Amino acid sequence: KERHNINEEDIKLNHVEFKPGRLKNPWNKNLISIGLSSGFLEPLEATNIHMTVGQIMCILRSWPGVISIVKRDQYNANMNDMWKQAIDIIRLHYVTKREDSQYWRDLNNNVPPHLRQKIEHLSQYVVQPEDVWEDFDRNVGYRVFGLHSYGQILRGLDLQRPEIAQK
């Protein structure tokens, strides 16, 4: 507010409450929940649009053929991984160089170790156009947020090493 000379009295704030969450098993018996019926994380990044595409791709990978418990369990495992990817990519947006308040210091001091490792690795890597098609981890199904997503965010947050970013 102070930085932008904004007077609170001139602005009508609208606080929107939402409850984030997801289904642990979006494929249950003969029903597969996709899109918002399977979960919701946040309203600003539109991650659910991308998640829905990933969900549909995973469903299509199961057909044609016999639908089995193995396919159902694999789908549910892939969806759980996709939700973890989405949580990480949202969390990445809050890793900044800011230290002007306790809020930012707390966020920066509490980055999960696996995410900190990804940031360190990718801050030294120049994302290439072909990385859009590459999986960050080929052991898992469809990668909703791969190298390209991480690279764009790291550049936007100025977290990529300058000597790497100039290449």
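Modeller: A residue is buried under 20% relative accessible area, exposed over 50% and partly exposed in between, using a 1.4 Å probe and the protein chains only. This is a predicted model, where local features need pLDDT of at least 70 and side-chain atom pairs pLDDT 80 or more, while totals for chains, interfaces and linings use all residues. Residues are numbered from 1 along each chain as its sequence is written, and side-chain values use heavy atoms, leaving out hydrogens and water.

First, the setting. The protein has six helices and four strands (DSSP runs numbered from the N terminus: H or I of at least four residues for helices, E of at least two for strands). Along the sequence the order is β-β-β-β-α-α-α-α-α-α. Of the 167 residues in the protein, 35% are buried.

Now the rings. There are four aromatic pairs in the structure (Phe, Tyr or six-membered Trp rings with centres within 6.5 Å; stacked under 30 degrees between planes, edge-to-face over 60, tilted for the rest). One of them is F18 with F40, an edge-to-face pair with 5.5 Å between centres and 85° between planes. Those two are 22 residues apart and link distant parts of the chain, with F18 in the segment before β1 (21-22) and F40 in strand β4. F18 has a relative accessible area of 39%, so it counts as partly exposed. F40 is partly exposed too, because its value is 24%.

Then there's Y94 with W104. Their planes sit at 20° and their centres 6.5 Å apart, which means the pair is stacked. This pair also links distant parts of the chain: Y94 comes from the loop between α2 (69-92) and α3 (102-109), W104 from helix α3, ten residues apart.

On to the charged side chains. Side chains of opposite charge can pair when their charged atoms come close. The structure holds four salt bridges (a Lys or Arg side-chain nitrogen within 4 Å of an Asp or Glu carboxyl oxygen). K97 meets D158 in one of them, 3.4 Å from N to O. It links distant parts of the chain, 61 residues apart: K97 lies in the loop between α2 and α3, D158 in the loop between α5 (147-156) and α6 (162-165). K97 counts as exposed because its relative accessible area is 57%, while D158, at 47%, is partly exposed.

R98 and D100 make another salt bridge, at 2.8 Å from N to O. D100 reaches 52% relative accessibility and therefore counts as exposed; R98 has 32%, so partly exposed is the label there.

Back in the numbering, R72 pairs with D73, their closest N and O atoms 2.9 Å apart. Both ends get the partly exposed label, R72 because it has 25% relative accessibility and D73 because it has 38%.
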